[in-house]
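Colleague: I am new to this structure and would be grateful for a close look at a single part of it, namely the surroundings of the ligand. Please take the residues there one after another.

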Amino acid sequence: MKQISLMNDLDEALTILSKDGEVTYHKDFYSGSESKQLFEELLKGLNWQFDELIMFGKKITTTRKVVWVADSDLSYTYSGVKKNPQEWSAPLLGIKQKLESFCGHQFNSCLLNLYHHGDEGMGWHSDDEKELDQNSPIASLSFGGRRKFSFRHKKDLSKASLFLDDGSLLLMQPPTQTYWQHTLLKTKVAVEPRINLTFRKINHAS
Ligand SMILES: O=C(O)CCC(=O)C(=O)O
Ligand SMILES: [Mn+2]
């Protein structure tokens, strides 16, 4: 049996992985009232679309909705589908600024996911596409329903899990994506809708 740890009962920033990467969890990055307001602004102010992926050679459409936002000169392909970016909205720019001063890193893109129910999640993957700057952290912000998130080591398959709370920040530092996959688990328990934002740094095409 692989060990699963549920580590986030404490309020302090927590270190999630024991090796081959660095992930910290910051539970109250945003207060409850800030999170509520940001959730509404992001839900109403962006052009949410169903995501398209290539799976087993076929194009499938997810029930989860997505928005990809980036500086205008960037393009990004994942799961076999090239994404066209939307422009930064005012709330998103505010979030980006707060995050950048906290992390000491600049981001130039953000993937947003909207999970309507617990039966929407995201399968095992790592964010290691060639377009992504491998030296940049990936910062994951969560607004809305609390959901379980797991890491799985690519070689020894060890796992680490935690719950991502409303208003929380999960900061994944290099080389986490090289050694670990992650997933957002589906749940049968009733949960509120959730918006997740992953801020990334994409390399400019040379
Ligand atoms: O919703 C989440 O917490 C995970 C999202 C994610 O892994 C991604 O967008 O790459
Ligand atoms: Mn991811």
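Modeller: What follows describes the surroundings of the ligand, and then a second group of annotated residues. The model is a predicted one, and the account should be read with that in mind.

In an unreviewed entry, UniProt lists Asn-113, Tyr-115, His-125, His-182, Arg-194, Thr-198 and Arg-200 under "binding site". Of these residues, Arg-200 is included in the lining of the largest cavity. The model itself can be set beside this list. Ligand 1 is surrounded by 14 residues, the closest being Asn-113, Tyr-115, His-182, Arg-194 and Arg-200.

His-182 belongs to strand β13, which covers residues 180–184. Is His-182 buried or exposed? His-182 counts as buried because its relative accessible area is 4%, and the limit for that class is under 20%. Neighbours within four places in sequence aside, His-182 is in contact with Gly-123, Trp-124, His-125, Ser-126, Asp-127, Phe-149, Ser-150, Phe-151, Met-172 and Gln-177. Towards the ligand, a polar atom in the side chain of His-182 lies 3.1 Å from an oxygen atom of ligand 1. Asp-127, one of the contacts of His-182, also has a side-chain N or O atom that is 3.3 Å from an oxygen atom of ligand 1.

Arg-194 is found in strand β14, made up of residues 194–200. Its relative accessibility is 1%, so Arg-194 is classed as buried. Beyond its neighbours within four places in sequence, Arg-194 is in contact with Phe-39, Asn-113, Leu-114, Tyr-115, Ser-142, Phe-143, Gly-144, Gly-145, Arg-147, Leu-164 and Leu-184. Arg-194 has a polar side-chain atom 2.8 Å from an oxygen atom of ligand 1. Of the 300 Å² of accessible area that ligand 1 has on its own, the protein covers 98%.

Between these two strands runs a loop, and Leu-185 lies in the loop between β13 and β14. With a relative accessible area of 33%, Leu-185 is partly exposed. Not counting residues up to four places away in sequence, Leu-185 touches Arg-147, Lys-148, Phe-149 and Ser-150. Leu-185 and Gly-144 are 41 residues apart in sequence, and their C-alpha atoms are 15 Å apart in space.

The record also names a second group. UniProt, again in an unreviewed entry, places "binding site" at Phe-56, Gly-57, Lys-58, Tyr-76, Thr-77, Tyr-78 and Asp-128. Tyr-76 and Tyr-78 are included in the lining of the largest pocket. Phe-56 sits in the loop between β3 (49–55) and β4 (58–70), and Phe-56 is exposed at 83% relative accessibility. Tyr-78 lies in strand β5 and is buried, at 10% relative accessibility. Leaving aside neighbours within four places in sequence, Tyr-78 is in contact with Asp-51, Leu-53, Val-66, Lys-83, Leu-111 and Glu-129. Ser-79 touches Leu-53 and Ile-54, residues up to four places away in sequence not being counted.

Note on methods
Residues numbered from 1 in each chain as written. Chains lettered and ligands numbered in written order. Predicted model: local features only at pLDDT ≥ 70, side-chain atom pairs only at ≥ 80, totals over all residues. Heavy atoms only, no water. UniProt positions renumbered as here; feature names shortened; annotations may be inferred. 1 Å grid on protein atoms, 1.4 Å probe; cavity = no way out; pocket = protein on both sides within 12 Å on 5 of 7 lines; lining within 4 Å. Helix = DSSP H or I, 4+ residues; strand = E, 2+ residues; numbered from the N terminus. Buried < 20%, exposed > 50% of the residue type's maximum accessible area, 1.4 Å probe, protein only. Contact = heavy atoms within 4.5 Å. Near = heavy atom within 4 Å. Polar contact = N/O pair within 3.5 Å; in protein donor to acceptor, adjacent residues only side chain to side chain. Areas by Shrake-Rupley, 256 points an atom, 1.4 Å probe, with all protein chains shown as cover.
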